Amino acid sequence: MPASQNSIRVFMTIPQRREWELHGRQSVRKILRQLDLNPEGVIVIHHDTLLTPDEMVENGMEIEVRSAISGGLP
Amino acid sequence: MKCTKCGGRAVIDLKRHNSGFCKEHFFEYFENQVRKAIDEFSMFGLRDRILVAVSGGKDSLVLWDVLMRFGYQADGLYIDLGIGEYSSASSQKVRDFVLARQANLRHVSLEQDYGYGVPEAARRLRRAACSPCGLSKRYIFNREALEGSYDVLATGHNLDDEAAVLFGNVLRWNTGYLGRQYPVLEEDPGGLVRKVKPLIRLTERETAAYAVLQGVDYIVEECPKAIGARTTLYKQLLNDLEIQSPGSKQQFLYGFYERGHDSFEASRDVALTPCTECGQPTTREGLCAFCQVRSRLLTVRA
């Protein structure tokens with residue numbers, strides 16, 4: 001589902017697939033706080049780069065919040 | 001946020017170093033940390049043949065990628081554990097990596113080469129899957145490294161993995177395990193290959209970031225058998241602490257290496273003898289733990 005011009009689409013694939021639609025310009029830090037995610041355990045991907053917590057996200061953008069914590073050891 | 005080194009746009013913030021880096025300087029930082037771990041613990045040299053245990057996950061593929069970038073003779077070892085879709089997908093990630101980099105891979109199938117898969121073993125033994133999985137991997141890592149005449153086996157354990165394991169070992173005061181927890185485990189003339197962990201100076205978030213930015217395509221999905229594992233809980237607890245007090249994880253782990261580990265090292269002194277079935281080293285009389293479990297699995301089935 002592509003991001004609408006009126007909202008920010010946020011998705012995660014692990015531990016299970018989840019999607020959120022948020023509205024209005026806001027920081028990555030604020031988004032993670034709303035989703036109750038610890039910034040230390042995730043990376044935030046937009047296109048082929050990463051966003052730091054202070055980065056602002058606008059309506060029309062799509063971001064992936066990817067857990068960096070793996071359970072099984074290699 | 002600006003890059004601490006060049007003032008360009010940062011792609012990652014590292015609170016424990018009070019820094020942020022752009023892509024180029026993050027790569028420089030990351031690779032310097034790997035070099036520092038290799039040098040600090042004298043892990044291996046350019047003449048050594050390294051076998052990298054790869055799972056298809058971010059840490060092991062990033063480790064293999066970085067070692068090849070540095071010019072080391074690094075081959076991969078992948079074990080198909082027989083965990084359905086997860087094993088198929090992780091195997092494909094490893095094959096794609098090998099093809100793209102013209103790397104050398106040793107491939108072992110637990111089902112085809114040893115007669116059982118992890119889910120079946122867990123069911124028949126009535127144990128959590130991580131128990132037969134860990135036992136099988138440790139056995140095959142050592143056996144493949146010896147058979148391939150490798151000087152060292154490298155795994156992708158990172159700072160979070162090691163801090164979580166240390167936390168668990170301290171909670172239970174597992175002194176034997178504490179004596180064995182170190183970035184280098186020296187070879188044993190009784191038949192144990194040297195083992196090293198070059199990513200111990202980097203967090204999971206940093207290896208995930210490096211993988212994404214460097215284009216290392218890894219399996220993002222979690223092993224279905226590892227969901228709910230205790231180490232994951234410890235990692236979350238340590239990350240909660242880290243966010244309040246940046247640098248806590250590395251202080252906990254490095255402090256143990258520098259000031260705690262030696263106190264427990266005597267606990268690991270054990271004599272090894274060859275397994276009567278496979279010849280691999282064991283601390284037991286007769287069959288090694290792996291052959292004992294495998295024999296039980298194959299007998300139950302027959």
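A residue counts as buried if 20 or more other C-beta atoms lie within 10 Å of its own, as exposed if 12 or fewer do, and as partly exposed in between, with C-beta atoms placed from the backbone. Helices (H or I, at least four residues) and strands (E, at least two) are DSSP runs, numbered from the N terminus. The model is predicted: local features need pLDDT of at least 70 and side-chain atom pairs count only at pLDDT 80 or more, while totals for chains, interfaces and linings use all residues. Residues are numbered from 1 along each chain as its sequence is written, and chains are lettered from A and ligands numbered from 1 in the order in which they are written.

**View 1. The buried residues of helix α11 of chain B.** Here we look at α11(B), residues 248-260, whose buried residues are B:K249, B:L253 and B:F256. An α-helix has 3.6 residues a turn, so residues three or four places apart point the same way. Among the elements that cover these buried residues are α7 (159-172) and α10 (230-244) of chain B; contact here asks for C-beta atoms, placed from the backbone, within 7 Å.

**View 2. The crossing of α7(B) and α11(B).** The two axes come within 9 Å and cross at roughly 70 degrees. Axes are lines fitted to C-alpha atoms, for helices over the stretch in contact, and angles run from 0 to 180 degrees between N-to-C directions. The helices α7(B) and α11(B) are therefore roughly perpendicular to each other (65 to 115 degrees; under 35 is roughly parallel, over 145 roughly antiparallel, and the rest oblique). The crossing of α7(B) past α11(B) is left-handed, meaning that the near helix is turned anticlockwise from the far one by less than a right angle; clockwise would be right-handed. On the α7(B) side, look for B:L159, B:D160, B:E162, B:A163 and B:L166, and on the α11(B) side for B:K249, B:Q250, B:F252, B:L253 and B:F256. By class, this contact has 6 nonpolar, 1 polar and 3 charged residues (Ala, Val, Leu, Ile, Met, Phe, Trp, Tyr, Cys and Pro are nonpolar, Asp, Glu, Lys and Arg charged, and the others, Gly among them, polar).

**View 3. The packing of α1(B) on α9(B).** Helix α1 (residues 23-40) and helix α9 (residues 204-214) of chain B pack at about 130 degrees, with axes 11 Å apart. This makes α1(B) and α9(B) oblique to each other, and α1(B) passes α9(B) in a left-handed crossing. The touching residues are B:K23, B:F26 and B:F30 of α1(B), with B:E206, B:A209, B:Y210 and B:L213 of α9(B). They divide into 5 nonpolar, no polar and 2 charged.

**View 4. B:R95 in helix α3 of chain B.** This arginine lies in α3, residues 84-101. Is B:R95 buried or partly exposed? B:R95 is partly exposed, with 14 other C-beta atoms within 10 Å. Its C-alpha atom is separated by 37 Å from that of B:F252, 157 residues apart along the chain.

View 5. Chain A has 1 helix and 7 strands, in the order β-β-β-α-β-β-β-β from the N terminus. Buried residues make up 34% of its 74 residues. The contact between the chains takes 22 residues from chain A and 37 residues from chain B. On the side of chain A that touches chain B, the elements giving two or more residues are β4 (42-46) and β5 (49-50). The residues of that side divide into 11 nonpolar, 8 polar and 3 charged.

Conventions
Contact = placed C-beta atoms within 7 Å.
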